[in-house]
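User: Please take a close look at one part of this model. I would like to understand the interface between the two chains.

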Amino acid sequence: MTAPRFQLADEILRRLAASLRSAQLYSPGHPIIARNLESLANAVQLIHDQQPAVTIGLVGEEVIVDDMPMARADTFGPFVRRLQQAGVERIVIERGVTIEEMTEFIAAVTTIDARDQEAAGTFPAIPHIRVGRVTIEQRVEGSLTDMATIRRLYSDAVSVAGDVWESAQTEGRPDATAARSMIDGLAQAVAQNRTALLALTTLKEYDHYTFTHMVNVSILTMGQARGLGIDGPLLREFGLAALMHDIGKVRTPLEILNKPDALSDDEFVIMKRHVVDGAEILRMTPDVPALAPVVAFEHHLRVDGSGYPSGVTRSSLNIGTMLCSIADVYDAMRSQRNYQKAFPTDRILAVLKRNDGTQFDQHLVRRFVQLIGIYPAGNLVRLNTGEVAVVLTVYAPDPYRPHIRVLIDREGRRLDLPYELNVWETSDDPQRPSSIVAPLDPRDYQIDPLLLM
Amino acid sequence: MHAVVSRMTDATISRFVSRHVISGDSSTDRLAQAFQTLVRDGEEQQRLLALAREDVAASPLGSTEGFESVWNSVAEKLLTSYSDEAYVSEAYGRELSGARTKAVEVEGVSDDPPERIGAWLSTIATTALRALDLTLMRDLLRIEQNDDRWRELMKPLVGLIEDLLLVGDFDAASELIGLLAAEGGGQGPTVRRQIALTAIDVLIAGSMMRHVTTHLAAIDDAQFERVKAMCVSLGEVLVRPLAEALSVEERPRTRERLTSILLAFGSVGRRTIERLKNSQNPAVRRTAIHLMRQFSGSEALPDLTELLDDSEPQVQREAVRAILNIGTDAAYRILEQALDTGTTQSRDAIMQSIGLVRDERATPLFAYILGHIDHRGALAPIYLRAIESLGALRDPGGIAPLRTALYKGEWWAPTRTRALRTAAAAALARIGTADAEAVLQEAVTRGSRGVRSAARAQLSIARARRTARAAGQGDA
């Protein structure tokens, strides 16, 4: 091993790390990305003057260039992790490689999603850059069209949320790996069967408010994000950020956190600290996406400048924070807390809408209403004809009139053959249900609506 | 479900069964399933069915013919239709799922224009996210009042700065470093100051300089000035790693910029010279000389003297130039001594270096050589080259020493003497001023035969040149 060759190899690694990191930190077309790629091309050119190809291998924690073990992987930590996440374990850059090819390679590593099987197969073929890949795959067992699978997924997620909370409490850092793995499953479900998953968030019975709230906010945030066309790794970042939005409360004294009555001013000051604590905890946790601490810090800030932490101003809020805030308010009010009776869904939505244009982005609230509906999927409802039905899916253009399954006729008899109906469709038949008049408590009817969806 | 069932009384369940049997409007299968769900225990089932039978018997159905037969059939069904199958069968579930997928997709009916959605998404584009992270870090540093928590923030802060330096985002890195430096050097609480200074140490001990040097050659001048200011803001602690980076740096532009940063530290940068002077890399040793010229003045003479013996001629030449730049008698003595005692190679290197100096700074040195070294013996060639150099410089300051040289020589060494006088006369002619001509005229008039001969030939050349120069000026 000659010193110059080692230096050249080290130079390539540094340039590669800088190029990849800049592509992660800056939007395409940013001059910093171009500058780093140019430097990378120069460094590669220097080594190609000596040899026809250079091979970079990632073996566990080690980075090897040709036959030379380089600096420990932690020196290039994020770079190596990203490559490993993308399933890349070996890169061969051959003489003749162009800056365009390197640009394409960096873009592919930055955007590829190894956990997405389809994307894994689409790693581009680049003439002078060969990539040895491993597949990292984590799939939810069972069909996501099956309510039992979704239900198990949800209940497992709540359990993992408990573990994540506990690790944050005892070790000062949430278990990001467990959280990621759980979010992967939820994100798949949100993408494939959002209705069923959203229906689960309407459950009023749960074992633990905090963990259920974490999972619900995550699902509700991902549901909204999905509606904006967000998918893949970014969707999971939204889910993870939302899951952790209240993680700072692990530092809130229990007597305040669990206080059944309204908080005093002093107690409220302490409670409000959870946004700063959450941001700090998440900012210090490796492998947590940058969005997570930002959302934890900002989720009580409102677009009109109100909210907390006090003294913090934002000219505008990012979409992650806004979606999580809506989900948070919705779920906190929906959930029956010790000091707060459960609100009917329509009242919650009325509260969200009351602040249209001031505290929440009115367009996003409208989208949220379209997503959740005034009567969310899984709700048991009474129709204007007196029949009882379960809401199957929300009809976005008219959140008051969903797609339903009628279970009980107007005389209160359970139907042997329930039938489905689009409430939004108009008809001249006066016997046909045309609206919903009230949400019902399934316990009064000895019905588990989710089983009937 | 268990919670629901546990609240139901025996009477409720038995009435539930009897009502359905009496009305006869729901299927027995469905009733059986419901009954099995509500009552799991066999004895309980028997007991509740007995209660239900009493209800039904009391109803009009009870008085009809065949009641016993109907009831037994129902009871048998209710007691024996137990199944593990879920209430919603798999096939039924699949059918329901199919119906769900047919439902209208929310995103399909969005009426938000693409620009609005684009604007939302742009708030979490990678560059925007990086800016959010930066803002968050600034806010946390400002808001956090607890010193321990503030200390904990240093790790992600240093990590963030390293990240920004890795990719060459010096503007953002400068901002955060500015915050640290302000806290470290400010008037705030001592604890905070110490935390900030420790963080700066950690930053500098890490990969900061490696990242900075990676980008130095590529950034523009304006950005470089910001990098320089950023480095200086960190204080003297950066000087050592800066010198270390410089001592192994091969790229000329990067070296030049590292040197410029080092110079910005002022006299503190002087401490780095020792390290650079001993670098394996000749280019870095040249940088050391450059720094000596910038920082030290005559104090650098001992260090420069060492480098006159450098194995690399380029380094020797730089050292000579630096000594010439100092320009004191002590400096010239060092060169004279080097010429006197050095190897042939070092003498050549020194003379070559001196010869390359094309300004009048060198005149005193050549005058010094003519005045102090022997024109005979080993140094005779150097003496001659000093004469030639004075002629080449055309500095009137060279006239006096050249006059002295013109009159030197020995009768027993006619060839050497002729060469010496010819060279001195030629140099005077090249200077070509009236004073130089006067010296030649004087030599022609009053000199010895050899001196006259040398001066005469050059005097006519000098006059011809002066005439030509005057004509040229006249034409102009």
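Analyst: Between chain B and chain A, 23 residue pairs are in polar contact, both residues at pLDDT 80 or more. A polar contact is a pair of N or O atoms within 3.5 Å; within protein, one must be able to donate a hydrogen and the other to accept it, and residues adjacent in sequence count only if both atoms are side-chain atoms. On chain B, the elements giving two or more residues to the side that touches chain A are α6 (90-101), α7 (114-122), α8 (126-143), α9 (147-167) and α12 (208-216). Helices here are DSSP runs (H or I, at least four residues), numbered from the N terminus. α8(B) gives the most, with 13 residues. By class, this side of chain B has 32 nonpolar, 14 polar and 20 charged residues; Gly counts as polar and Tyr as nonpolar.

This is a predicted model: local features need pLDDT of at least 70, side-chain atom pairs count only at pLDDT 80 or more, and totals for chains, interfaces and linings use all residues. Side-chain values use heavy atoms, without hydrogens and water.

Charged pairs also link the chains. Nine salt bridges are counted between chain B and chain A (a side-chain nitrogen of Lys or Arg within 4 Å of a carboxyl oxygen of Asp or Glu). One of them joins R21(A) to D163(B), at 2.5 Å from N to O.

Now the extent. In contact (heavy atoms within 4.5 Å) are 66 residues of chain B and 78 residues of chain A. The two chains bury about 6200 Å² between them, 57% of it on carbon and sulfur atoms. Buried area is the accessible area (1.4 Å probe) lost on being put together, summed over both parts.

Key. Residues are numbered from 1 along each chain as its sequence is written. Chains are lettered from A and ligands numbered from 1 in the order in which they are written.
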